[in-house]
Amino acid sequence: MAAWKAWVEKHQAAIVELGGPLGKTKSVDSSGIADISNEMGAFTVVRAASQEAAAKLFENHPHFAIFPGERVEIMPVLPIPGG
């Protein structure tokens with residue numbers, strides 16, 4: 001926990017939303033609503049100059065030592081056309 005807190009303090013200026021754990025997933029399509037499963041367990045929102053810069057924030061993240069085999073996926077937020 002101390003390592004995670006240190007990571008948060010180090011990247012505090014880039015963190016927009018610390019986030020937290022995610023719950024069970026539902027899928028909605030033309031067939032209706034269904035319970036599904038994916039590998040996402042939590043989220044954090046960061047601000048960075050690029051997707052690459054955001055990815056670099058998570059290099060050597062403490063969770064990799066706690067949960068071997070874990071990974072972080074970086075998804076960009078795209079501007080809304082006309083917004």
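**Salt bridges, an aromatic pair and a nonpolar patch**

Because Lys-56 and Glu-52 lie four residues apart in helix α2, about one helical turn separates them. In this predicted model, the two residues form a salt bridge in which the closest N and O atoms are 3.8 Å apart. Lys-56 has a relative accessible area of 48% and is therefore partly exposed.

A search of the whole structure for such contacts returned four salt bridges. One of them connects Lys-26 with Asp-35, with a distance of 2.4 Å between the closest N and O atoms. Both partners are at the surface in the sense of accessible area: Lys-26 is exposed, and Asp-35 is exposed as well. A further salt bridge is formed by Arg-71 and Glu-73, whose closest N and O atoms are 3.0 Å apart. Through shared partners, salt bridges join Arg-71 and Glu-73 with Glu-39 into one network.

Aromatic contacts were examined next. The structure contains one aromatic pair. The pair consists of Trp-7 and Phe-58, with ring centres 5.1 Å apart; the ring planes meet at 35°, so the arrangement is classed as tilted. Planes under 30 degrees apart would count as stacked, and planes over 60 degrees apart as edge-to-face. The two residues come from distant parts of the chain, being 51 residues apart. Trp-7 belongs to helix α1, which covers residues 2-10. Phe-58 is placed in the loop between α2 (51-57) and α3 (63-66). Both Trp-7 and Phe-58 are buried.

The surface also carries a nonpolar patch, with an area of about 520 Å². Its contributing residues are Val-16, Leu-22, Met-40, Phe-43, Val-45 and Met-75. Of these, Val-16 is located in strand β1, which spans residues 15-21. The relative accessible area of Val-16 is 44%, so this residue is partly exposed.

Key. Residues are numbered from 1 along each chain as its sequence is written. This is a predicted model: local features need pLDDT of at least 70, side-chain atom pairs count only at pLDDT 80 or more; totals for chains, interfaces and linings use all residues. Side-chain values use heavy atoms; hydrogens and water are left out. Patches are made of residues with over 30% relative accessible area and no salt bridge: like charges are joined within 9 Å, nonpolar side chains (Val, Leu, Ile, Met, Phe, Trp, Tyr) within 5 Å. Accessible areas come from the Shrake-Rupley method with a 1.4 Å probe; for residues, only the protein chains shown count as cover. A salt bridge is a side-chain nitrogen of Lys or Arg within 4 Å of a carboxyl oxygen of Asp or Glu. Buried means under 20% relative accessible area, exposed over 50%, partly exposed in between (1.4 Å probe, protein chains only). Rings of Phe, Tyr and Trp (its six-membered ring) pair if their centres lie within 6.5 Å; planes under 30 degrees apart count as stacked, over 60 as edge-to-face and the rest as tilted.
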